[in-house]
Amino acid sequence: MAQPKASSRDVRHNPPRNRGEAALLGANVRIRGRISGDTDLTILGNVEGDIAVRGDLSIGDGAHVESEVIEAHGVSISGEVTSNVTATGPVRIGSTARVRGNLKGSEISIEDGAQFAGRIEADFELPAALSGKSR
Amino acid sequence: MASTVIGANLTIEGEVIADEDVVVQGTIRGKLSAKDGVVVESGAVIEADVTGGSMSVAGQITGNITSSDRVELQSGARVIGNVKASRITIADGAHFKGNVDMD
């Protein structure tokens, strides 16, 4: 029988969880304050305040997040975000997203249709022709 | 409809306002106000005033509880604060310190 293949992400980043249920902030929830933890987090509602999670953060379509800093492993955004984002993993800006702020992550992807205003900081090798300071 | 779940390893410091059911397994400091049901599971820690509809508490609450419906303090619950609700049950094994107002 073929074993289901574990994705590399699971192997690299799989914090032990006490319970099966991950955190979900529903569409009809408003939070004003700081959110922190070492789980994955899905936001479908309104959040005003900083977010720091060790797991993956998903901000769904229709969600609205306003803060200074969002810290997480992987970040996936389909909603409206006004904040700087610092990810230790990849950052994905979906087609329905509207993002204002600076992004930092191992990889950054922005889908067609997304609105984005800000700076992107991702570590990657520039081609030799572009890596020189002035030439 | 999927209800909101504040997971076991999540901490919220601030105000949570929900127009839907809320399940708390983690920590909330500040304020929690829900329109509908609130379930505070064993292991959850709430240091906040809690308002909502029907409430079931098996975790720890330090703060006043106001419910438009009923409050159930289950075995293992630890509540320090006043409870205002039209109906209340306190199970054998629940810790409770505070006043009850059933008006």
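In which sense do S7(A) and strand S9 (residues 80–87) of chain A pair, and over how many bridges?

Author: Before the answer, a few words on the ground rules. This is a predicted model, where local features need pLDDT of at least 70 and side-chain atom pairs count only at pLDDT 80 or more, while totals for chains, interfaces and linings use all residues. Residues are numbered from 1 along each chain as its sequence is written, chains are lettered from A and ligands numbered from 1 in written order, and side-chain values use heavy atoms, leaving out hydrogens and water.

Now to your strand. S7(A) and S9(A) pair in the parallel sense, over seven bridges.

Strand S2 (residues 29–37) of chain A and S2(B) run antiparallel, with nine bridges between them. Look for Arg34(A), whose bridge partner in S2(B) is Glu13(B).

That brings us to the whole interface. Chain B contributes 24 residues to the contact and chain A 23, with contact meaning heavy atoms within 4.5 Å. Between the chains about 1900 Å² is buried, 47% of it given by carbon and sulfur atoms; this is the accessible area (1.4 Å probe) that the two parts lose on being put together, summed over both. Of the area that chain B buries against chain A, 30% comes from Asn9(B), Leu10(B) and Ile17(B), more than from any other three residues.

There is one salt bridge across this interface, between Arg32(A) and Glu15(B), with the closest N and O atoms 3.4 Å apart. (The rule asks for a side-chain nitrogen of Lys or Arg within 4 Å of a carboxyl oxygen of Asp or Glu.) On the side of chain B that touches chain A, strands S1 (4–6) and S2 (10–18) of chain B each supply at least two residues. S2(B) gives the most, with nine residues.

Over all chains, the structure holds 10 salt bridges. Among them is the pair Glu121(A) and Lys104(A), with the closest N and O atoms 3.8 Å apart. This pair links distant parts of the chain, 17 residues apart: Glu121(A) lies in strand S15 (residues 120–122) of chain A, and Lys104(A) in strand S12 (residues 103–105) of chain A.

Finally, a glance at the partner chain. Chain B has 15 strands and zero helices, and its C-alpha trace spans about 30 × 25 × 20 Å along its principal axes.

Definitions and conventions. Helices (H or I, at least four residues) and strands (E, at least two) are DSSP runs, numbered from the N terminus. Two strands pair if DSSP finds at least two bridges between them.
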